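Subject: Structure handover

Hello,

Here is the structure you were going to take over. My notes on what was found in it follow below.

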Amino acid sequence: MSQNEPMTPRGYDELLREFKYLKDVEKPRVNVEKQRAAELGDRSENAEYHAAKEKLRHIDKRLFYLNSMIEKAQIIDPSILDHSRVHFGATATVIDSANDEEFTYTICGTLESEPEIGLISVHSPLARAMLGKSEGDEFSVILPSGKKYFEVGIISFIDIFLLKKHIRQESDFRFH
């Protein structure tokens with residue numbers, strides 16, 4: 001059985017927006033590019049034709065991936081959940097037990113994640129270790145740097161899309 005892909009309602013809407021744009025706008029545009037290039041003659045040495053074919057392959061791969069994410073989507077609205085425990089959509093401060101350094105992480109869906117700013121995928125080892133924990137709970141996780149020990153600090157809710165640095169636009173969906 002395939003794994004569910006938790007995502008926020010807006011994350012799901014963004015996923016559908018990209019899928020629809022690629023299917024209805026970008027793929028037809030590149031198909032026209034390919035047809036124009038084919039009309040130029042010999043396809044064996046036609047760089048424009050081969051470039052358009054390659055773009056179409058990339059578009060089809062992305063559409064296949066997005067479609068699989070749509071099929072597995074489990075839409076969760078974290079704003080209505082109880083924030084006494086760490087769950088999907090929760091923002092939690094964690095304290096490194098070795099040096100008391102604090103980090104803040106928000107658990108989100110794969111396509112919503114931006115690990116460099118603390119938006120971590122629900123499937124990541126750190127997120128999995130945090131799930132279900134309450135403020136004051138201690139936990140350990142094996143990271144690439146070794147086993148680390150943390151304590152959960154404050155748990156809150158902050159809309160993921162208020163935290164994101166990069167919200168994809170239609171220009172980001174294009175294959176150049």
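From Arg57 to Ser68 the separation is 11 residues in sequence and 17 Å in space, taken C-alpha to C-alpha. Please keep in mind that this is a predicted model.

Overall picture

The protein chain contains five helices and seven strands. Read from the N terminus, the order of elements is β-α-α-β-β-β-β-α-β-β-α-α. The C-alpha trace extends over about 70 × 35 × 35 Å along its principal axes. The radius of gyration of the protein chain is 21 Å, while a compact globule of 176 residues would have one near 16 Å. Of those 176 residues, 39% count as buried.

The helix pair

Helix α2 covers residues 47-72 and packs against helix α1, residues 9-38, with the two axes 9 Å apart and at an angle of about 160°. Angles over 145 degrees count as roughly antiparallel, and α1 and α2 are therefore roughly antiparallel to each other. The crossing of α1 past α2 is left-handed. Sorted by class, the residues in the contact of α1 with α2 are 16 nonpolar, 11 charged and two polar.

The sheet

Five strands make up an open sheet of mixed pairing, in the order β5-β4-β3-β7-β6. At its edges are β5 (119-121) and β6 (138-143), each of which pairs on one side only. On average, and with direction ignored, neighbouring strands of this sheet are turned by 45° against each other.

On one flank, β3 pairs with β7 (residues 146-157) in the antiparallel sense over six bridges. Within that pairing, Val94 stands opposite Val152, and Asp96 stands opposite Phe150. β3 is also joined to β4 by five bridges, again running antiparallel; here Ile95 has Glu102 as its bridge partner in β4.

β7 in turn runs antiparallel to β6, with six bridges between them. A hairpin of two residues connects β6 to β7. One of the bridge pairs in this part of the sheet puts Glu138 with Glu151 of β7.

A residue to check

Which residue in the hairpin of β3 and β4 takes a positive phi? It is Asp100, with phi near 60°, and this hairpin has five residues between the strands. Most residues other than glycine have a negative phi. Asp100 is found in the loop between β3 (90-96) and β4 (102-108). Its relative accessibility is 60%, above the 50% limit, and Asp100 therefore counts as exposed.

Regards

Key
Residues are numbered from 1 along each chain as its sequence is written. This is a predicted model: local features need pLDDT of at least 70, side-chain atom pairs count only at pLDDT 80 or more; totals for chains, interfaces and linings use all residues. Side-chain values use heavy atoms; hydrogens and water are left out. Axes are lines fitted to C-alpha atoms, for helices over the stretch in contact, and angles run from 0 to 180 degrees between N-to-C directions. Helices (H or I, at least four residues) and strands (E, at least two) are DSSP runs, numbered from the N terminus. Angles under 35 degrees count as roughly parallel, over 145 as roughly antiparallel, 65 to 115 as roughly perpendicular and the rest as oblique. A crossing is left-handed if the near helix is turned anticlockwise from the far one by less than a right angle, and right-handed if clockwise. Ala, Val, Leu, Ile, Met, Phe, Trp, Tyr, Cys and Pro count as nonpolar, Asp, Glu, Lys and Arg as charged, and the others, Gly among them, as polar. Buried means under 20% relative accessible area, exposed over 50%, partly exposed in between (1.4 Å probe, protein chains only). Two strands pair if DSSP finds at least two bridges between them. The radius of gyration is taken over C-alpha atoms; the globule rule is 2.2 Å times the number of residues to the power 0.38.
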